[in-house]
Amino acid sequence: MGLSLQIFSVEGCHTNITRLNGTITSPTHPPKQGDSSEYTCKWNIQLTDAYEPRHVELRFISFDVMGVMPHCTNGHYVELVIGCNSSKSIGKFCGQLSLPVIYSSDHCLQIVLHAGSEVGLRSGSTLEAVFQQRLLSRRK
């Protein structure tokens, strides 16, 4: 599985990740993003170090985002987007969930944490996920 990589930048959460594996953790104190009361954190995983066709496997260790499915309240949710060229959102999620393992259709996957306010994010919306590369199965 390789070494784990903690991903978070003090300047913000808009992070491009090219490693073959690692850990993503939501910030406990997000930095200011202008005058808006909303906050967004994006992690773009693109496996550029792969020599063979691969996809991303994403496994949530913890998921606790304000709201209750299916209606995420006050703009708090995590959106998962799979694919590089023809990317597609597979949904917006909130609450205390046990999500299944997510597989991208190719070597790209994006995680977007959106909080309706910084106060909301600080009051308990947290997530932790691990990702790793997987070889795409070859068809004969």
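Modeller: Here we go through disulfides, strand pairing and salt bridges.

Biologist: What should I know about the model and the numbering?
Modeller: This is a predicted model, in which local features need pLDDT of at least 70, side-chain atom pairs count only at pLDDT 80 or more, and totals for chains, interfaces and linings use all residues. Residues are numbered from 1 along each chain as its sequence is written, and side-chain values use heavy atoms, with hydrogens and water left out.

Biologist: How many disulfides does a search of the whole structure find?
Modeller: Two, where a disulfide is a pair of cysteine sulfur atoms within 2.5 Å.

Biologist: Which residue does Cys72 join?
Modeller: Cys72 is joined to Cys94, with 2.3 Å from S to S. Cys72 sits in the loop between strands S5 (54-65) and S6 (77-82), and Cys94 in the loop between S7 (88-93) and S8 (95-96), 22 residues apart. Strands here are DSSP runs (E, at least two residues), numbered from the N terminus.

Biologist: Why is that disulfide called left-handed?
Modeller: Because the torsion about the S-S bond of Cys72 and Cys94 is about -95 degrees.

Biologist: Is Cys94 buried or exposed?
Modeller: Buried, at 0% relative accessibility, while Cys72 is partly exposed at 24%. Buried means under 20% relative accessible area, exposed over 50%, and partly exposed in between, with a 1.4 Å probe and protein chains only.

Biologist: And what about Cys84 and Cys108?
Modeller: Their sulfur atoms are 1.8 Å apart, in a disulfide. The S-S torsion of Cys84 and Cys108 is about 85 degrees, so this disulfide is right-handed. Cys108 is buried at 4%, and Cys84 is partly exposed at 24%.

Biologist: Switching to strands, how many bridges join S5 to S11?
Modeller: Ten, and the two strands run antiparallel; strands pair if DSSP finds at least two bridges between them. His55 has Arg134 in S11 as its bridge partner.

Biologist: Which residue forms a salt bridge with Arg134?
Modeller: Glu57, with the closest N and O atoms 2.9 Å apart. Arg134 is in S11 and Glu57 in S5, so the pair ties together parts 77 residues apart in sequence. A salt bridge is a side-chain nitrogen of Lys or Arg within 4 Å of a carboxyl oxygen of Asp or Glu.

Biologist: How many salt bridges by that rule?
Modeller: Two. In the other entry, Arg59 meets Glu57 at 3.1 Å, N to O. Glu57 is buried at 3%, whereas Arg59 is partly exposed at 38% and Arg134 is partly exposed at 36%. Through shared partners, Glu57, Arg59 and Arg134 form one network.

Terms used: Helices (H or I, at least four residues) and strands (E, at least two) are DSSP runs, numbered from the N terminus.
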